[in-house]
Amino acid sequence: KIDYWNGNFDAALKSFTRIQSEPVNITDDKAGFYVNDAIDFMLFIEKNKGAPDWLNKFAAGSLFSDQKHYEQALTFFYEIAHNSSVETLLDNTWLKIGQLEYQLGRYQQALSAFQTLIQKQPQSVYCDLAQKMIGEIYEVGLKDLPKAQQAYEVVLTSYPNSVLLEEVRKRIRGLERGNRVIR
């Protein structure tokens, strides 16, 4: 990850490939996690290395995010969102913006980011997660339970193959019973 954060994408790819092929010194249940993480990074870098400047900015924003310097991270992600035409980065960028704004308790900005992702990147693999996060913001952040339930129901109807369906159903049942699922 250090190579990735520093913009050394070829070195990062080499390291991630090594982790994927031989998860050295990882003998417990965590081996699969590290391998999956490495594959995610490899795919992301490969998909976006045609725009190295924007990928560098995304990596820098990710570093700040991982360090919990959310405001600094948002500076990078908003720059990408408002200036980049790199379609492959935009869905990840809007997702990160929504998550960070949510972490900061800025619920309207988070809602706007997730809605932008869904509207501008309707084919994104993150649309179901963004829609679920909209429900969570209404439920946990804004405490608007009817809107939360509506948002969760959109996940069920619009993304019938989502891996999030069971969690969303659980949240809907909790809302119907008056037992909210707390984040």
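Student: What span should the 14 residues of H7 cover at 1.5 Å a residue, and how far apart are its end C-alpha atoms?

Tutor: The model is a predicted one, and every value below is computed from it. Helix H7 covers residues 107–120. At 1.5 Å a residue, its 14 residues should span 20 Å, and the end C-alpha atoms are 20 Å apart, so the two figures agree.

The next point is burial. The buried residues of H7 are Ala110, Leu111, Ala113, Phe114, Thr116, Leu117 and Ile118. Among the elements that cover these residues are H6 and H8, and each may be taken in turn.

H8 comes first. The axes of H7 and H8 cross at roughly 160 degrees and come within 9 Å of each other. The cut-off for a roughly antiparallel pair is an angle over 145 degrees, and H7 is therefore roughly antiparallel to H8. The handedness of this crossing is left-handed. On the H7 side, the residues that meet H8 are Tyr107, Ala110, Leu111, Phe114, Gln115, Leu117 and Ile118. Their counterparts in H8 are Cys127, Ala130, Gln131, Met133, Ile134, Ile137, Tyr138 and Gly141. By class, the contact of H7 with H8 comprises 12 nonpolar residues, three polar residues and no charged residues. Ala110, Leu111, Phe114, Leu117 and Ile118 of H7 are buried, and these residues also take part in the meeting with H8.

Helix H8 (residues 127–141) packs with helix H9 (residues 145–158) at an angle of about 165 degrees, and their axes are 7 Å apart. H8 is therefore roughly antiparallel to H9, and it passes H9 in a left-handed crossing. From H8, the contact draws on Asp128, Gln131, Lys132, Ile134, Gly135, Glu136, Tyr138 and Glu139. From H9, it draws on Leu145, Lys147, Ala148, Ala151, Tyr152, Val154 and Val155. This contact divides into eight nonpolar, two polar and five charged residues, whereas the contact of H7 with H8 has no charged residues. Gln131, Ile134 and Tyr138 of H8 belong to the contact with H9, and they also meet H7.

The loop between H8 and H9 holds Lys143. Lys143 is not a glycine, yet its phi is positive, at about 55 degrees. With a relative accessible area of 51%, Lys143 is exposed, since the cut-off for exposed is over 50%. Glu167 lies in helix H10 (residues 165–177), and its 33% relative accessibility makes it partly exposed.

The account now returns to H6, the other named cover of the buried residues of H7. Glu101 is placed in helix H6, which runs over residues 87–103. Glu101 is buried, because its relative accessible area is 2% and the cut-off for buried is under 20%. Apart from neighbours within four places in sequence, the contacts of Glu101 are Leu74, Tyr78, Arg106, Gln109 and Ala110. Of these contacts, Ala110 is one of the buried residues of H7, while Leu74 and Tyr78 belong to H5 and are part of its contact with H6.

That contact may be set out in the same terms. Helix H5 (residues 70–83) packs with H6 at an angle of about 145 degrees, with the axes 9 Å apart, and passes H6 in a left-handed crossing. H5 contributes Tyr70, Ala73, Leu74, Phe77, Tyr78, Ile80, Ala81 and His82 to the contact. H6 contributes Leu90, Thr93, Trp94, Lys96, Ile97, Leu100, Glu101 and Gln103. The contact of H5 with H6 has 11 nonpolar, three polar and two charged residues.

The loop between H4 and H5 contains Lys68, which has a positive phi of about 65 degrees although it is not a glycine. Its relative accessibility of 61% means that Lys68 counts as exposed. In H4, by contrast, the buried residues are Leu55, Phe58, Ala59, Ala60, Gly61, Ser62 and Ser65.

Note on methods:
Residues numbered from 1 in each chain as written. Predicted model: local features only at pLDDT ≥ 70, side-chain atom pairs only at ≥ 80, totals over all residues. Heavy atoms only, no water. Axes fitted to C-alpha atoms, helices over the stretch in contact; angles between N-to-C directions. Helix = DSSP H or I, 4+ residues; strand = E, 2+ residues; numbered from the N terminus. Parallel < 35°, antiparallel > 145°, perpendicular 65-115°, else oblique. Left-handed = near helix turned anticlockwise from the far one by under 90°. Contact = heavy atoms within 4.5 Å. Nonpolar A, V, L, I, M, F, W, Y, C, P; charged D, E, K, R; others polar. Buried < 20%, exposed > 50% of the residue type's maximum accessible area, 1.4 Å probe, protein only. Expected span 1.5 Å × (residues − 1).
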